[in-house]
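Trainee: I would like to learn how to read this model step by step. Could we begin with the metal site?

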Amino acid sequence: MGRTWSDLKAVLITHAHPDHTGSARAVKDHSQAPVTMSARDARVPHGLEPVTPPPLKDALGPLGGAFRFLPKAEGFSVATELVADGTAGLPEDWAVISTPGHTPGHVSYLLDRAGGLLFAGDAAMVNRSGEVYPGLMNPKSEQVKQSIVQLAKRDFRAAYFGHGGHLTNDAASAFRRFAYQQQ
Ligand SMILES: [Zn+2]
């Protein structure tokens, strides 16, 4: 992107899984940017508890087995531990929405820019038809579904996910279609 480490002002983490935090220590050390994540999930990088596996369909299935063998992320210090929805502690134009289920302290971030940009982490995924769904790792979790229902109450144009594709237009409508089907 043609940026340097000093351009980086904040590191916002959705949840404490190693594929989302693995570079956090190095990025923080190079940029000196403060790391933000939920107080609940910050317990993992702070070494207070082990990584929580996602609510897999079958914890003994191939994905469940594979998760245990993922490399561990290095520990790092979290400067801002989020405890409530809103804008407190976040850079300008950013807001946090708690979306537990994939991990106990999973959060999503909403950037109030260009019609609203949602960073949903692993709270959801989108399929090739543009339908939002709980994702491969979360299929049976009622809490994950309720988190998507909460996101559907917000307004945003685009949505970006931790894995798979993204939605660049009318993204909130796709979340609302999922929420409608849950009624
Ligand atoms: Zn994850």
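Mentor: Let us start with the terms: donors are N, O and S atoms within 2.8 Å of the metal (3.2 Å for Na, K and Ca), and water is not among the atoms, so sites may look incomplete. Four donors count as tetrahedral if all angles lie between 85 and 135 degrees; four count as square planar and six as octahedral if opposite donors are over 155 degrees apart and all others between 65 and 115, and anything else is irregular. This is a predicted model, in which local features need pLDDT of at least 70 and side-chain atom pairs count only at pLDDT 80 or more, while totals for chains, interfaces and linings use all residues. Residues are numbered from 1 along each chain as its sequence is written, and side-chain values use heavy atoms, with hydrogens and water left out.

Trainee: Which residues coordinate the zinc ion, and what are the angles among its four donor atoms?

Mentor: The zinc ion is held by His15 (NE2), His17 (ND1), His102 (NE2) and Asp122 (OD), at 2.1 to 2.3 Å. The angles among these four donor atoms run from 86 to 175°, and the site is irregular. Along the chain the donors follow the spacing H-x1-H-x84-H-x19-D.

Trainee: Are His15 and His17 buried or exposed?

Mentor: Buried means under 20% relative accessible area, exposed over 50%, and partly exposed in between (1.4 Å probe, protein chains only). Both His15 and His17 are buried.

Trainee: How many salt bridges are there, and which residue forms one with Asp155?

Mentor: A salt bridge is a side-chain nitrogen of Lys or Arg within 4 Å of a carboxyl oxygen of Asp or Glu, and by this rule the count comes to seven. Asp155 pairs with Arg176, their closest N and O atoms being 2.8 Å apart. Helices (H or I, at least four residues) and strands (E, at least two) are DSSP runs, numbered from the N terminus. Asp155 lies in the loop between H5 and E9 and Arg176 in helix H6, so the pair ties together parts that are 21 residues apart in sequence. Asp155 is exposed, with a relative accessible area of 60%, and Arg176 is partly exposed, at 35%.
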